[in-house]
Amino acid sequence: MTGTYRISPTDIAEQNAKALPALQEDYDALARRLARSGNDIETITKAVTGFGVALPSWGVGTGGTRFARFPGVGEPRNVFDKLEDCATIQKLTCATPTVSLHFPWDKNKDVHAMKQLGDELGLGFDAVNSNTFQDQANQKLSYKFGSLSHTDAAVRAQAVEHNVECIELGKALGSKALTVWIADGSNFAGQQHFARALDRYLESMRAIYAKLPADWLVFIEHKLYEPAFYSTVIADWGTNYWAATQLGPQARCLVDLGHHAPNTNIEMIVSRLIQFGKLGGFHFNDSKYGDDDLESGSVNPFQLFLVFNELVDAADRKALDVAPAYMLDQSHNVTDPVESLMASAIELQRRYAQACLVDRARLEQAQVENDALMALDTLKAAFNTDVAPILGMARHRANGAIDPLGVYRWSGYRRHKQNERPAAAKQSAGIV
Ligand code: LRH
Ligand code: MN
């Protein structure tokens with residue numbers, strides 16, 4: 001299917017052999033340090049080994065903005081190339097066992113060939129994403145003025161039909177969830193009737209919900225703005241939560257970290273959605289201003305840690321009835337996407353491992369006694385713990401790379417792909 005240079009397990013083992021002595025030394029030192037505060041390092045390493053995040057198929061190609069896209073070399077040409085790159089990330093990090101596909105971007109005449117390659121590469125398929133925010137070449141009705149909430153029932157029906165088709169594709173891939181993000185909204189006051197638009201959206205989502213297999217979930221993704229710049233139909237977690245409760249138990253809320261106003265307390269939104277039994281999953285990324293889709297933890301790593309702190313606390317309290325779906329959703333405009341996705345997956349593992357180190361008894365005591373500084377200090381003690389030896393050891397024991405970035409660059413993988421994948425002539429603006 002694809003001219004396939006692949007980094008071999010032998011390559012990884014050879015490079016690991018050089019890195020292992022230093023890793024072992026650091027690991028043993030951290031083990032002694034954690035033991036002093038009553039933490040067994042093996043418990044954390046085991047937890048990290050079980051941690052996985054899904055890769056966005058649309059994230060392995062170079063992204064862009066409305067201004068420009070500067071493609072790199074050896075860009076994936078189709079979903080099969082994308083799966084190859086995702087498998088390389090999984091092979092080196094052992095943290096990304098699944099891929100989240102986006103239709104029709106990943107559409108291919110043979111969904112079974114996609115499943116077959118996924119199986120061959122040891123990759124599973126997480127939530128599938130529908131797309132009613134762009135018009136496809138052969139599309140009858142335009143989504144210019146919306147999709148699931150459009151004033152024209154025929155446009156809404158077309159959008160519902162597309163989502164049902166995504167469910168069928170997902171079933172063939174072994175996926176168990178559909179993510180629905182819509183761009184529907186308005187650019188001018190008065191352009192849209194807020195309540196009627198939401199009612200139309202819910203009516204359309206009911207039609208999609210009715211087609212969900214019994215063991216599937218539908219993730220509703222809210223977003224404050226863009227591409228609509230005055231109002232967005234599903235703009236915030238409150239509207240998202242309401243819609244999910246109206247639809248039923250298989251409807252859950254998906255939190256894309258970049259879809260909130262700057263300085264929004266996202267960890268509290270996570271806590272609320274857990275408490276209300278409607279947290280479905282995440283699109284992890286980071287941002288400074290808008291929906292910047294930057295590398296996770298690259299702008300506000302403490303926020304990412306605090307999100308995982310809420311998740312670990314909830315798991316400890318058995319407050320999570322469904323394991324949230326962890327997915328990355330990023331756009332890599334100036335880096336090698338494979339490197340960025342590896343760094344981001346490891347960053348999630350890092351903040352998760354640190355959240356597992358929080359002394360929850362000490363934190364609860366400080367909260368009960370309103371000892372604010374002790375409460376923050378308890379969190380910071382975990383956040384400031386360098387858990388890199390745990391992450392490296394977890395990868396090593398899973399036959400991944402102790403130093404994924406080092407092995408990736410040593411392998412010349414990108415150069416190999418440059419030879420195998422002739423540059424596509426047409427360069428487009430936008431994220432794909
Ligand atoms: C919208 C979004 C959504 C995807 C798209 C690629 O901003 O976060 O999750 O469909 O990015
Ligand atoms: Mn998203």
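Biologist: Where is the place of E226?

Modeller: This is a predicted model, and in it E226 has its place in the loop between strand 7 and strand 8.

Biologist: And what is phi like there, positive or negative?

Modeller: E226 is not a glycine, and yet its phi is positive, at about 75 degrees. For context, most residues other than glycine have a negative phi.

Biologist: What joins E226 and P227?

Modeller: The two are joined by a cis peptide bond, with omega at about 10 degrees, and P227 lies in the loop between strand 7 (217-221) and strand 8 (231-232). In general, most peptide bonds are trans.

Biologist: OK, and the bond from F103 to P104, cis or trans?

Modeller: That peptide bond, from F103 to P104, is cis, and its omega is near 10 degrees.

Biologist: Switching to the ligand: which residues come nearest to ligand 1?

Modeller: There are 13 residues around ligand 1, and of these H102, E221, K223, D256 and D329 come nearest. Sorted by class, the shell around ligand 1 is made up of five nonpolar, three polar and five charged residues.

Biologist: How far is an oxygen atom of ligand 1 from an N or O atom in the side chain of K223?

Modeller: For K223, the distance between a side-chain N or O atom and an oxygen atom of ligand 1 is 2.9 Å.

Biologist: How much of ligand 1 does the protein bury?

Modeller: Ligand 1 exposes 290 Å² when taken alone, and the protein buries 95% of that. The space that ligand 1 takes is the largest pocket.

Biologist: Zooming out, how many helices and strands are in the protein?

Modeller: The protein has 15 helices and eleven strands, and its C-alpha trace spans about 65 × 60 × 40 Å along its principal axes.

Biologist: What radius of gyration would a compact globule have with 432 residues?

Modeller: A compact globule with 432 residues would have a radius of gyration near 22 Å, and because the protein has 22 Å, the two agree.

Key. Residues numbered from 1 in each chain as written. Chains lettered and ligands numbered in written order. Predicted model: local features only at pLDDT ≥ 70, side-chain atom pairs only at ≥ 80, totals over all residues. Heavy atoms only, no water. Near = heavy atom within 4 Å. Polar contact = N/O pair within 3.5 Å; in protein donor to acceptor, adjacent residues only side chain to side chain. Areas by Shrake-Rupley, 256 points an atom, 1.4 Å probe, with all protein chains shown as cover. 1 Å grid on protein atoms, 1.4 Å probe; cavity = no way out; pocket = protein on both sides within 12 Å on 5 of 7 lines; lining within 4 Å. Sits in = over half its atoms within 2 Å of the grid points. Nonpolar A, V, L, I, M, F, W, Y, C, P; charged D, E, K, R; others polar. Helix = DSSP H or I, 4+ residues; strand = E, 2+ residues; numbered from the N terminus. Rg over C-alpha atoms; globule rule 2.2 N^0.38 Å.
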